[in-house]
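Visitor: Before we start, please show me the model. I would like to ask what stands behind each term you use.

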Amino acid sequence: MHVAEVGILIYYECSEYAITISGKTYPYREAIKALGGRFVGHDKTWQVTRSEANLAQVEALCASLGGGPLPGAAPSTISDFAPENQSPEGIEANAPPPVAPPSPVGLTLSQLLQQISGAVNATFPHPVWVTGEVQNLNFRGDTLYLSLAEQDAIRHVSQSITVNAVIWPSVYQKLCQQHGKEALQGVLQDGMQILCRCEVSLYKGRGSISLSLLDVDLSFTKGKLALEREKLLRELRSQGLDRTNKSRELARMPLRIGLLTAEGSRAESDFLHQLEEGGFPGTVLFLPTPMQGEKVPKAVSQAIDQLVAADCDLIVITRGGGSAADLRWFDGREIAYKIATCPIPVVAAIGHHDDVCVAEEICFLRMKTPTAAADFVISCFQPIWTRLDECREQLLVRTERCLQQNESQLTLLGRTLHHGWQHSLTRTQQNLEHLQGELLERFLREILRLDRIFLRLEATVALASLTTLHRREEFLRQKARQLWEGFQLGWHQQLAKVEHAEKGLVACDPSPWCAKGWTKLTFNGTTVRSIEGISIGAKVSTRLLDGNVHLRVEEIHPVEKNKN
Amino acid sequence: MKEKESVTYRHMLEKVESIITQVSSSDVDLDEMVTKVEEGYQVIRKMRERLLETKGKIEKLRSEFEEAELPKEEQ
């Protein structure tokens, strides 16, 4: 590794596979990006894939800006760094000589770090195998960045030791070709314990150790997982929990199925389709649950609790695909204990045919595929359907037999009814005829009786009518007599009135008096009864028998009255 | 005219009585008295005629009624 002196604007340092650019690089970031540089945030450095062309460009860039390489010692080839090729003397021989402090007051930081870097390089001139837990795994472009962590067991503190690491694209491609991309990705996951071969270097910008991964021992990780898996299985067996779910009693007709799988996955569609094809008569409570990733244990555990609370008859956990490495979540304690203590049988169709996880070991039944799990559910109903078919057949046979018997009985009853009906009808007709004759006889008898009564009544009525008639006629004759008598009386009374009126008129008639010479004098329409009523020269009137006479008074002579 | 003069028997009687009352009054004129008396005589005459006519009708009805009674009595 080449290291340059500190004090210039930007500088670079080379490792076997990368060129690290550090310093005040921000104003020149575009130029660095143009070289294919990737920014490492935690180091505040840029990483450029090492190649002759890139190295030349980086050198030119740093030189144009007043920078350059950092001074330092680096191995000439990789093979020289292999531990098996190193001897203790060789390690010491390769150690750089100590650098004398340039200033009498002490080392500068750069000088210090340089010495530390030298010491690191001297101690680890070759790549070493390191174990640690993968954390913060992430791709930035084609470069894989991660941290390797370890619990500080020596100092007995909970805080983990973390070292930044990187897998350069060329290394990553090589490892994929060597181990297989799927296998490699199955190991390189957060939380996985890995054994990797690394170049150890000091990142002077932060003063931190940086590891550049060159290789990964997959068998270490798998072996560790297998050991943990076995340990968990032993623990479960010691408590008898490996058989508890297997001993759960499965309902004769599991009509409520709880399904745990990823939403929209092939497993979901395969399982449900197979159930539908098989004519499953029940209901499926589907709880979408992630089947890969660190959330799997908690999600599956919570989902199982929900399905238990929902009173399911059977729980099916299934996934259709995914890497074998994702099976490790189902090797965990949380899911294992949840299944072991679950009161409902759990059917697991999780892994591949040769990968059996802990969950599948201890569950009620393991199936290879979601389709197989659905077939198992369907098979639970087969005995019942078979029995139902048998019962249906028996029912049909018995029903037919019963119908035949009933038909025979009905036929017999029909004949009996017909004969009985005819006999009854004949008897009824005879009775009716008898009754008809009797009725007619009684009717005639009654008619005669009534006839006699009517005749008697008629005579009585006639007699009564004549009597009444005579009485009425006598009454009318009496009234006629009264009328004539009344008329006569009234007529005579009227005649008497007329005669009386006539006498009155006769009495008032002045004609006889006039015929004797008597008359009446009037003066101004007033009857003159005394000489005092008139005066000499007055004009008076009088009427004689045959006309009126108008007179004038010329003399008035009073008549002496009789003193007797 | 005849229809207007056709008054009931009652009206004629009232008229005669009215005439008699008027004629009996001392203030009545002689000429008027004579006229009234003559009128009274005419009304009385009509009344007699009406009485006779009525009597004749009733006697006829009575005879017809009695004739109708005779066949039933014979039965």
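Guide: Helices (H or I, at least four residues) and strands (E, at least two) are DSSP runs, numbered from the N terminus. By that rule, chain A comes to 13 helices and 19 strands. The model is predicted: local features need pLDDT of at least 70, side-chain atom pairs count only at pLDDT 80 or more, and totals for chains, interfaces and linings use all residues. Residues are numbered from 1 along each chain as its sequence is written, chains are lettered from A and ligands numbered from 1 in the order in which they are written, and side-chain values use heavy atoms, with hydrogens and water left out.

Visitor: What makes the pattern of chain B α-α-α?

Guide: Chain B has three helices and zero strands, and the pattern is read along the sequence.

Visitor: Why are α12(A) and α2(B) called roughly parallel?

Guide: Axes are lines fitted to C-alpha atoms, for helices over the stretch in contact, and angles run from 0 to 180 degrees between N-to-C directions. Helix α12 (residues 370-508) of chain A and helix α2 (residues 9-23) of chain B cross at roughly 25°, their axes coming within 9 Å. Angles under 35 degrees count as roughly parallel, so α12(A) is roughly parallel to α2(B).

Visitor: What makes the contact of α12(A) with α2(B), and which classes does it hold?

Guide: Contact means heavy atoms within 4.5 Å. Residues of α12(A), including Val498(A), Ala501(A) and Leu505(A), meet residues of α2(B), among them Leu13(B), Val16(B) and Ile20(B). By class, this contact has ten nonpolar, one polar and one charged residues. Ala, Val, Leu, Ile, Met, Phe, Trp, Tyr, Cys and Pro count as nonpolar, Asp, Glu, Lys and Arg as charged, and the others, Gly among them, as polar.

Visitor: Why does the term roughly parallel apply to α8(A) and α12(A)?

Guide: Helix α8 (residues 266-277) of chain A packs against α12(A) at an angle of about 30°, with the axes 8 Å apart. The two helices are therefore roughly parallel to each other. The contact of α8(A) with α12(A) has eight nonpolar, two polar and two charged residues. Phe271(A) and Leu275(A) are among those in α8(A), and Val377(A) and Ile378(A) among those in α12(A).

Notes. Parallel < 35°, antiparallel > 145°, perpendicular 65-115°, else oblique.
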